[in-house]
Amino acid sequence: MKLLSNSILLFSVILLTLAVGKANAFSRFSLQQLIQQDTSKRDTSKIKSKNNSDLDKKVEYKATDSVVMSKDKNIIYMYGNARVVYGDFELDADYIRYDQKNNVIFASGRTNPKTKRYVGRPIFKSGTEGSAIADSLYYNSATTRAKVFGVFSQQDDGFFSGGQSKKQADNELHIKNMMYSTCNLPHPHFGLMISKGIATEKQIITGPVYMIIEDVPTPFALPFAFFPKTNKRTSGILLPTPGEDASRGFFLQNAGYYLGLNDYWDAKILGTIYTNGSYEGTLSSNYIQRYKFNGNININYANSRNGIQGQENVGKNFRVGWSHSQNANAHPGSTFTASVNLSSSTYYTATAANSSYDQSAIAQNVSTSSIAYSKVLAGGLFNFSTALSANQTFSTKQIDLQLPQFNLNMSTISPFDSKDRTGEQKWYQKITVGYSLQGNNSISTKDSILFKPEGLRQLKSGFSHNIPIGMNFTLLKYLTFSLGGTYNEVWNFQTIDKRYTKYTDGTYTFRTDTLTGFKRAGSYNLSTSMSTKVYGKSKEFKNLGNIQQLRHVMTPSVSFTYSPDFADPSVGIYKYGLDQNGQRIRDLSTGRDVTYSIFEQSAFPGSFGGRQASIGFTLDNTTELKVRSPKDTTGTGSRKIPIIQGLTFSGSYNFLQKTRKLSDISFSGRSQFTDKLGINYNGVLNPYLLRDSTNNGVFVQKLEDSRYFWQGGKFLPRLQSFGFSFDYGFNADAVKKKNENYDNLKGQVEKQGMTPLKSEQLNAINRDPNAFVDFNIPWNFAFQYSFNYSNILGVSQITNTLNFNGDFNLTPKWKFTFNAGYDFKNNGLTPMNIAIYRDLHCWDMSVNWIPYGAYKSYSVTIKVKSSILQDLKLSKRQGFYNTYQ
């Protein structure tokens, strides 16, 4: 192990010196293309022919100051905004000299006597290639050879400057002391200095290449380099990133091989090794068929050894990700999508979210996956959809699979109406009918036994049919009525049977057996409902400042539902609980016989309740203020402020229920006080009193009584639960800018295809308040607060959380950001993230620090802004995402 540690440390030092080579080897720019911008692109085979028309092309020239010819007229001197055009070669400069005898063109600038600055540099262009600027140049119009001094040219996001370049007649390029940089300044902050090199159509060979930062040469260098130029997708080696992890030691991360399989499919095979014995492997592949589909597949495996030597926590983990999206125009009427994210329960904690140290990803407890297909049938009358899905709960290691589930939905039709009807509908023509069929195959078990016989035996299969029938009409212009009913039938292939054991004190236990076999059952209900709107408007206010009027809108609705008693054991869906002697089990708390449904654990339990004749009621409230607009100079303008949005109360009353006929009353709503501040709230009101439950005179617990709150002298029902939440940002420009940046980034990613990795990165960015650092916004502070209260049978519990984040500019180039929260239950701060950013023009520097907690870590990164050299960075990271005492 010690030998391995020393070896990786040695390779880390070597790889740091090769960082420049890595950036050059995998960037997109072509050196040959750039140098060709400095010369006229010619076919040398044509020059050999004396009768070739290219030799007969005339040189066009002009100048604004003067044009002077020598006595023998073989040399032409052009001063002041001189211009020469020869074929597709264009040249502009302050001074140009054309030697007609030798076919040589020389161009240069001049030194301004007042400012002492070199101005009027030559600007040249060849064909369709971009233009470039140089200190001076020679160009032979006959041989197409050129020699350029001090070139400055842009290629994609990069810039070439300085040095000399020579183009030979065979299109071979010789370069010397030329710098490449992504800094757009004439005198760049940094660059890669190519001391000498030769570029041909298929390859580039260079001598020493080294990095220069602020005119200071650095030891990051290569003695020589060879770069093939195939002008197509190629395979190649991917160099690793060296680093150190506090728990796993030194590492070489993501070394591997890139496979450019074809224009539609590629793959990367990556590996990471740590000095403490941990290792990871990744297989990643992208595929795309333009105008049809695109996707990505990722397979990760990790063998982790976390902790101090001799007390390691060893574990093997995996993750499988697949994302597939179909172009909307590829198959009109049908879609196929996939979003798979399956992993072992400890993958994210053991690998620190794949070494991203994302707190939200590490702490996530639920993972979902789905593969779905849908198609429109019969000209749009039916819609068929099917899906394979999985839900994982990491804390309990529970996994729920749908293998698969499908839905067949029919659009609502009016069977008694005709398409060529004229005039108003008759009452029977308003009758509508619908149909839906749902099928399901599901397994709910622990992930450790998922593919074992005991796990597969938990498969549940079944079908559900639903037929709604309805009719809507308006009465007295303001009342909307609806009549109808619903028939539901379930087909299940697994049912249950319970075996009870009764003890002498009246208590009992039971064992559940799963029975295989087909069982069907149906249920139905009849319903009617009525709704309207009531508008209330107050008189105009004259002495309340800008407040002009208060408006209140109520939307009451009442419904009545009837269904027979399907819970009676005589129907066959419910059974009596029988003890070991065949006698019925009686519940001591209610005094009733114990019954259970044979469909309790089936794929479709159905809706088989007791006899019901209930009234449901809902009341929706909206309140608005009408105020004068301060932006309106005429004094007649106004605007509306929503004080209460959708404050809804709902409940029901069952006439046929023996006790507790009134249900809980739930409410929810939203209040928007300002453009920045809005509050969401919800709660449940319980209308029943509580009573004490005792055992031999000793209090045991509170139980819900059958008496209403007013029967106990209470004025209001009992508040069983209540919650509200709000967020507020003090700088609206910061929130708006962050949303715009996120939307733009999301749009770019969606155009390229939403891979699982990109989806994770977008989610992390959306969760991170400081993901976008904007130096143009001097400060920002925002917080989010949520409060939840519950009182279940007299036991109350309160949870509230506060999260806050912000940033401010220390100077125009320095920004400080922070993100933290407060745990009111434990009276302490939640994990904090502090970051400092420095804008270095063409570079970015960031310092990220998590000062405490289980995932304590810090990192320092200096990287180039340009995407071309995104691998060119210097970083130092030390992580403590596993803490050991």
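User: Which residues touch the most other members in the largest nonpolar core?
Analyst: Met78, Leu91, Ile96, Ile105, Phe124, Leu137 and Tyr139 do, in a core of 28 residues. A nonpolar core is a set of buried Ala, Val, Leu, Ile, Met, Phe, Trp, Tyr and Cys residues joined through side-chain atoms within 4.5 Å. Buried means under 20% relative accessible area, with a 1.4 Å probe and protein chains only. This is a predicted model, where local features need pLDDT of at least 70, side-chain atom pairs count only at pLDDT 80 or more, and totals for chains, interfaces and linings use all residues. Residues are numbered from 1 along each chain as its sequence is written, and side-chain values use heavy atoms, without hydrogens and water.

User: Which strands each supply at least two residues of this core?
Analyst: Among them are strand 3 (75-86), strand 4 (89-99) and strand 14 (190-199). Strands are DSSP runs of E, at least two residues, numbered from the N terminus.

User: Where is aspartate 94?
Analyst: Aspartate 94 is in strand 4.

User: Why does aspartate 94 count as buried?
Analyst: Because its relative accessibility is 15%.

User: What does its side chain make a polar contact with?
Analyst: The side chain of arginine 110, at 3.1 Å. A polar contact is a pair of N or O atoms within 3.5 Å; within protein, one must be able to donate a hydrogen and the other to accept it, and residues adjacent in sequence count only if both atoms are side-chain atoms.

User: How much of the protein chain is buried?
Analyst: Of its 885 residues, 36% count as buried.

Definitions and conventions:
Buried means under 20% relative accessible area, exposed over 50%, partly exposed in between (1.4 Å probe, protein chains only). Helices (H or I, at least four residues) and strands (E, at least two) are DSSP runs, numbered from the N terminus.
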